[in-house]
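Here is a friendly walk through one protein model, meant to be read with the structure open beside you. Take each section in turn and look up the residues as they come.

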Amino acid sequence: MPMSKPAATNLRIDPERLWDDLMETAKIGGTPKGGICRLTLTDLDRQVRDWFKVAAESLGCTVTVDDMGAMFARCPGQRNDIAPIAMGSHLDTQPTGGKFDGALGVLAALEALRTLHRAGYETFAPIEVVNWTNEEGSRFTPAMIASGVFGGAFDRDWAQARTDRSGVSFGEALDGIGYRGPERCGEHPLSAFFEVHIEQGPRLEAGNKDIGVVTGVQAIRWYEATLIGQDSHAGTTPMQRRHDALLGASKLVQAVNAAAHRHPGAVGTVGLLEVKPGSPNVIPGEVFLTIDLRDPREDVLDRMAQEIAAEAEAIGAAHGLTVAVKNILAQPAVHFDPKCIASVRAAAATAGYSTMDLMSGAGHDAAYVSRVTPTTMIFVPCKDGISHNEAEYSSKEQCAAGAQVLLQAVLDYDRKLAEKLG
Ligand SMILES: [Zn+2]
């Protein structure tokens, strides 16, 4: 029988137990510098999956696996005809990954479940912990491939045929570690999905806030620019007669930076530059470069793109260059579910944590899951905003705050479901 409901807000996760889980699983693929190298679908990934399965089953969960290797550990609720409220993240890492990116989201969820289990607290809806496959994208591209199939962004057969650098397909790698499950990816309804993650940026730490209430993921635009001038001799071509594509490109790099500075909150990056012919005594005749623009607001990205295009035209005219800028990717902003966000706010207030609203700068499994189920995320600060690095660090207290807010947000959402459907 369920225990009395008013006790729900008194439930406390155990910071030590969560920290022990983080440190114990960090040994699977642990690196000498204190990070983790646990690439997806390797034997190390199998070991941490096996650990997770045993831990979840010891709490009375049933673990199912879909055909993209995503794991779902379910604890029954009062009404098992209702889709579960899920929480989770990913257990794979970058080759020089840290101990917290991904692992915190799965292990905080496990700790939340353990807290319910120990208290004998029965939720209205079933509760699940999810481990998504290949979030990082460092062995198989693209990143977030399993949640992408789950959310309908990618085709399953296409995803399973993706190969790593040694030619092993995603499907073969799944079979290799025994984690190709019988359930078809995506055919697993959820009532909601909550993901705890380290911020991977400096804003919470700088603002001295405990919890990031994540309202969505910012929009991304990618452009390719080609500047064509004229190759000619570096010693004999007078300065006034040059059509220097690299000089134009350098001004375009400045223009991208200036456009981002004009719109506070936006970011703009030129991360790749190819210079032809690439010889010390030849004026560069052609440059190819990429532009990455991000902001939560589509209209700001439109304006930045217009400003950069106008600048590109002016640069072309000033230096006698042909400049072409082509848009190759426009990923719209993701806006998380208002009810899920409200549950996170209520949970943080109940626990007495300070909060800051954030749009995620990076992609996450939650972004794809949000296409098919009400979803949001909870961020905790990480030291100096560093991640995808062995030095990545969040304290025991910061991790515990994330898990506590996760637990209370799920319980808040569960109460709302009970009011609606009970
Ligand atoms: Zn991650």
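## A leucine with positive phi

Leucine 41 sits in the loop between helix H1 (15-26) and H2; helices (H or I, at least four residues) and strands (E, at least two) are DSSP runs, numbered from the N terminus. Although leucine 41 is not a glycine, its phi is positive, at about 60 degrees. Is leucine 41 buried or exposed? At 3% relative accessibility, leucine 41 counts as buried; buried means under 20% relative accessible area, exposed over 50%, and partly exposed in between (1.4 Å probe, protein chains only).

The model is predicted, so local features need pLDDT of at least 70 and side-chain atom pairs count only at pLDDT 80 or more, while totals for chains, interfaces and linings use all residues. Residues are numbered from 1 along each chain as its sequence is written, and side-chain values use heavy atoms, with hydrogens and water left out.

## Another positive phi, in the open

Asparagine 208 also has a positive phi, near 55 degrees, and is a residue other than glycine. Its place is the loop between helix H7 (203-207) and strand E6 (211-217). With a relative accessible area of 66%, asparagine 208 is exposed.

## Two cis prolines

Threonine 141 and proline 142 are joined by a cis peptide bond, with omega about -5 degrees. Proline 142 belongs to the loop between strand E4 (127-132) and helix H4 (145-150).

A cis bond also runs from lysine 276 to proline 277, where omega is near 0 degrees. Look for proline 277 in the loop between strand E10 (273-276) and strand E11 (282-283).

## A buried serine

Serine 169 is in the loop between helix H5 (156-160) and helix H6 (170-176). Its relative accessible area is 12%, so serine 169 is buried. Neighbours within four places in sequence aside, serine 169 is in contact (heavy atoms within 4.5 Å) with Phe140, Gln160, Ala161, Arg162 and Thr163.

## How the helices pack

The axes of helix H2 (residues 43-57) and helix H3 (residues 103-119) come within 11 Å and cross at roughly 15 degrees. Axes are lines fitted to C-alpha atoms, for helices over the stretch in contact, and angles run from 0 to 180 degrees between N-to-C directions. H2 and H3 are therefore roughly parallel to each other; angles under 35 degrees count as roughly parallel, over 145 as roughly antiparallel, 65 to 115 as roughly perpendicular and the rest as oblique. Trp51, Phe52, Ala55 and Ala56 of H2 make the contact with Val106, Leu107 and Leu110 of H3.

Helix H10 (residues 338-351) and H12 pack at an angle of about 125 degrees, their axes 8 Å apart. H10 and H12 are therefore oblique to each other.

## The nonpolar cores

A nonpolar core is a set of buried Ala, Val, Leu, Ile, Met, Phe, Trp, Tyr and Cys residues joined through side-chain atoms within 4.5 Å. Which residues touch the most other members of the largest one? Of its 100 residues, they are Leu22, Phe52, Ile85, Met87, Leu104, Phe194 and Leu406. Helix H12 (residues 396-421) gives the most to this core, with 12 residues.

Residues up to four places away in sequence not counted, phenylalanine 194 touches several residues, including Ile85, Met87, Cys340, Leu406 and Tyr413. A second, separate core of 26 residues includes Ala255, Ile291, Met304 and Met359.
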